[in-house]
Amino acid sequence: EVHQLVTLIGNDLVPKPHERFHPSFETFRGVPRGIPDRDTPLAVVTMFEDLGFIHRWRISRTTLARFTLMVRKGYRDPPYHNWTHAFAVAHYSYLLIKNLHLDREGYLTDNEALSLFVACLCHDLDHRGTTNTFQVNSKSILASLYSSEGSVMERHHIAQAMAILNTEGCNIFENLECHEYSKILENIGHIILATDLSHHFKILPSLGRMVKSFNKKDPAHHSLLMCLLVTSCDLSDQTKDWRATKQVAELIYKEFFSQGDLEKAMGINPDKMMDREKAFIPELQVQFIEGVVRPVFVLLAELFPGSEGTQQSLQAVTDILLFWQKFREIYLTKYGTHHGCSL
Ligand SMILES: Cc1nc2ccc(C(=O)N[C@]34C[C@H]5C[C@H](C[C@H](C5)C3)C4)cc2n2c(-c3ccccc3Cl)nnc12
Ligand SMILES: [Mg+2]
Ligand SMILES: [Zn+2]
């Protein structure tokens, strides 16, 4: 498949995204999950090309093809935390960089923009469909490796990304100067660690301050911005249409409930959110979107008020929240209580 992909992109055949994929590919309404899996490696390469990364960082096309296929292969196939999710997250970062001109406008350095896109592609590598808490409770190998530092899964995702870059013929950063190279690895690690939602809650007060008075010269602001951006990308499924969002919620709870079943079998009492007998999904989704998702897109819209895309994303999240609130009301009035709710 490397040969096939290389031939495609080798002789400058990298197509324009909207022509090859879908007119909505470059818009915030576009649903990257609609791209067939077999087309996603080429779509990744077109995004690298479209963002000017291939030229700016002298990335060899064959190396890029190998890297992309290795990353896709590095994902397992749990219901939600698979390659399709990584591709969707990376696509949203592509939209942000392209439409907000994050590098050109000085919100991010060139290096940070490339770091964000590559970190999104790699941010859930080798995910097993279980949470950090599960790693610790089940005393997994990954917990034995990383639990002392916290963010167990995220540290594993970083290790997997580094392993791919260290694989012969897959290091897309091979032509970077020394200081750029070490900077990019540091940024990618920082960004992937920021996808742990408990980290997001810790920095939330600082994000609020950063958004109020962003200082393009302050590296700390750049770091906080990269954390906010990657969290918005990780949650970007919630900025699409209701049908797409509902399908995603089904995948997430399929993964959560499998973990809950596993925990029960292991004699561990699962979190309500993971227990198919106790979870009332509409309520959980109202809480998550109201408490976590919408505040992220409010911050993003505040930071980029002139961008249609961020306003659209905030509006979409607001609509999704309304849907879940209606869903919850109907369910509660119809059934009085919520036992045995299924989507
Ligand atoms: C739709 C939707 N619902 C979601 C409901 C709940 C949670 C969730 O991790 N909750 C918490 C709740 C407390 C405090 C922290 C740590 C743990 C304890 C677990 C977070 C995530 C959800 N999520 C994600 C998502 C984003 C980043 C990583 C993993 C995932 Cl799954 N992406 N989409 C969704
Ligand atoms: Mg993750
Ligand atoms: Zn993710």
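**Reading a cavity and a zinc site**

In this predicted model, the largest cavity has a volume of about 60 Å³.

Biologist: Which residues line the largest cavity?

Modeller: The lining consists of V31, P32, R33, A88, Y92, S236, D237, K240, A244 and V248. The elements that contribute two or more residues to this lining are α6 and α14 (242–265).

Biologist: Let us turn to the metal. Which protein atoms are the donors of the zinc ion (ligand 3)?

Modeller: Donors here are N, O and S atoms within 2.8 Å of the metal. For the zinc ion (ligand 3), they come from H85 (NE2), H123 (NE2), D124 (OD) and D234 (OD), at 2.1 to 2.2 Å. Along the chain, these donors follow the spacing H-x37-H-D-x109-D.

Biologist: Where do H85 and H123 lie?

Modeller: H85 belongs to helix α6 (residues 83–100), while H123 sits in the loop between α7 (110–122) and α8 (132–137), so the pair ties together parts that are 38 residues apart in sequence.

Biologist: Are these two histidines buried or exposed?

Modeller: A residue counts as buried under 20% relative accessible area. H85 is at 0% relative accessibility and therefore counts as buried; H123, at 0%, also counts as buried.

Biologist: How far apart are the zinc ion (ligand 3) and the magnesium ion (ligand 2)?

Modeller: The two ions are 3.9 Å apart, and D124 coordinates both.

Terms used: Residues are numbered from 1 along each chain as its sequence is written. Chains are lettered from A and ligands numbered from 1 in the order in which they are written. This is a predicted model: local features need pLDDT of at least 70, side-chain atom pairs count only at pLDDT 80 or more; totals for chains, interfaces and linings use all residues. Side-chain values use heavy atoms; hydrogens and water are left out. Donors are N, O and S atoms within 2.8 Å of the metal (3.2 Å for Na, K and Ca); water is not among the atoms, so sites may look incomplete. Helices (H or I, at least four residues) and strands (E, at least two) are DSSP runs, numbered from the N terminus. Buried means under 20% relative accessible area, exposed over 50%, partly exposed in between (1.4 Å probe, protein chains only). On a 1 Å grid over the protein atoms alone, a cavity is a set of points where a 1.4 Å probe fits but cannot get out, and a pocket is an open set with protein on both sides within 12 Å along at least five of seven lines; lining residues have an atom within 4 Å of a point. Grid points are joined across faces, edges and corners, and a volume is the space filled by probe spheres set on the points.
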